[in-house]
Amino acid sequence: MDIPEVMFMKVCTSIKRVGGKTVKVDLEILNDTILKIVISGDFFLYPEEAIHEIESRLTGRKVSEVANILNEFRGSVEVLGASIDDLISIVTDAYTSCSQE
Amino acid sequence: MWRLIIDEGDVYWNMAMDEAMLLLRDSNVIPNTLRLYVFNPSAVTIGYFQRVEDAVNLEFLRSSNIGFTRRVSGGGSVYHDVNGEVTYSVVASINDISTNIMDSYRIICSGIIYAIKEFGLNADFIPINDVVIRGRKVSGSAQSRKKNTLLQHGTLMYNTDLITLSKSLRAPKEKLLEHKVTSILERVTTISRELGRTVSRDEVIRALIKGFNKALNTDFYQGHYTREELELASKLTEKYRSVEWIFQR
């Protein structure tokens, strides 16, 4: 008899102060795949609309792919009060601090 | 010579007009403009990337009938006091200020520093976007950019009700600890508080015009909105009122 795979839905949050600004990442994860991600805070990112593309590109991808995906935005977005490296680290922190629902 | 516009409106109109000017300057149909304005009634704006529940005290805003909306620019939440704060917007070709974002913040914020000097007070620019007097924030700014144009808008608190400000806004605990103080109230100030006398809105507007005259190295002529600006701002007002825009994150 096949044993059905157990699906774990996790909700994760990480908040960090970097460069004088606050960056918060809220993640919803199902078996290591990002179902939803919101990157919020009082930082500056140019162009602003790129935040939606970043969140959209990360949605549906494995947490292990986050660094590679965010690295693709180097050069096309400018972040003030945080950096792409900070974003990678905060998403990773959010995942590792996950609570199971 | 730049256009100067002095205005007063509600939070939705004010944010809609700033965005309208940014878009129309980028299409090269309006001139570089300094807009000085007041939020009437008092209101709150939050940064483009902020979550509403993290940025403001919703319960207090609702019970106090204080309106709020999301800005097109990043940065933090701001309380705009009708009787204690003047907001400025600089809408200009990027090439007339600086292509470097940090440099442009510094150049435009120096207008605030010169304005404060008109009152005999010294102020400092704290990157990225703050101006402080004796370590306490008196002005915050935020910048948005299109291809050829920047919009930088920001506050100058001259007599803001700091109790209402502290009840309206949420500051992350870590942010307060970093400033080694315990509340918003202790890390912000006003020109009136620093001078020990009540400063008027008109004095502040005059000081800001002089300050930006020095910082931007330009004279101003007092002008009016164009028909295109009024029409676009009227359309955009609906966006700034909408739940979809305000609660988008």
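In this predicted model, strand β8 (residues 130-133) of chain B runs antiparallel to β9(B), the two being joined over 4 bridges. Strands of a sheet pair through backbone hydrogen bonds, in either the parallel or the antiparallel sense.

Zooming out, the β8-β9 pair belongs to an open sheet of 8 strands in chain B, with mixed pairing and the order β7-β8-β9-β10-β6-β2-β1-β11. The edges go to β7 (124-126) and β11 (220-222) of chain B; each has a single partner strand, so one side of each is left without a neighbour in the sheet. On average, and ignoring direction, neighbouring strands are turned by 25 degrees against each other.

Two of the helices that pack on this sheet are worth a look. Helix α1 (residues 11-26) of chain B touches β1 (2-9), β2 (33-39), β6 (85-93), β9 and β10 (149-157) of chain B. The direction of α1(B) makes about 170 degrees with that of β2(B). Helix α10 (residues 201-216) of chain B also packs on the sheet, where its contacts are β1, β2, β6, β10 and β11 of chain B. In this case the helix direction makes about 25 degrees with that of β6(B).

Now for the interface with chain A. Chain B brings 28 residues to the contact and chain A brings 25 residues. Between them the two chains bury about 2100 Å², with carbon and sulfur atoms giving 53% of that area. On the chain B side, the residues losing the most area to chain A are B:F49, B:R51 and B:R249, which together make up 30% of what that side buries.

Counting polar contacts between chain B and chain A gives 12 residue pairs, both residues being at pLDDT 80 or more. The elements giving two or more residues to the side of chain B that touches chain A are α5 (101-117), β9 (136-145) and α7 (173-178) of chain B. Of these, β9(B) gives the most, with 5 residues, and this is the strand that pairs with β8(B) in the sheet. Sorted by class, the chain B side comes out at 9 nonpolar, 11 polar and 8 charged residues.

Note on methods:
Residues numbered from 1 in each chain as written. Chains lettered and ligands numbered in written order. Predicted model: local features only at pLDDT ≥ 70, side-chain atom pairs only at ≥ 80, totals over all residues. Heavy atoms only, no water. Contact = heavy atoms within 4.5 Å. Buried area = accessible area lost by both parts, 1.4 Å probe. Polar contact = N/O pair within 3.5 Å; in protein donor to acceptor, adjacent residues only side chain to side chain. Nonpolar A, V, L, I, M, F, W, Y, C, P; charged D, E, K, R; others polar. Pairing = 2+ DSSP bridges. Axes fitted to C-alpha atoms, helices over the stretch in contact; angles between N-to-C directions.
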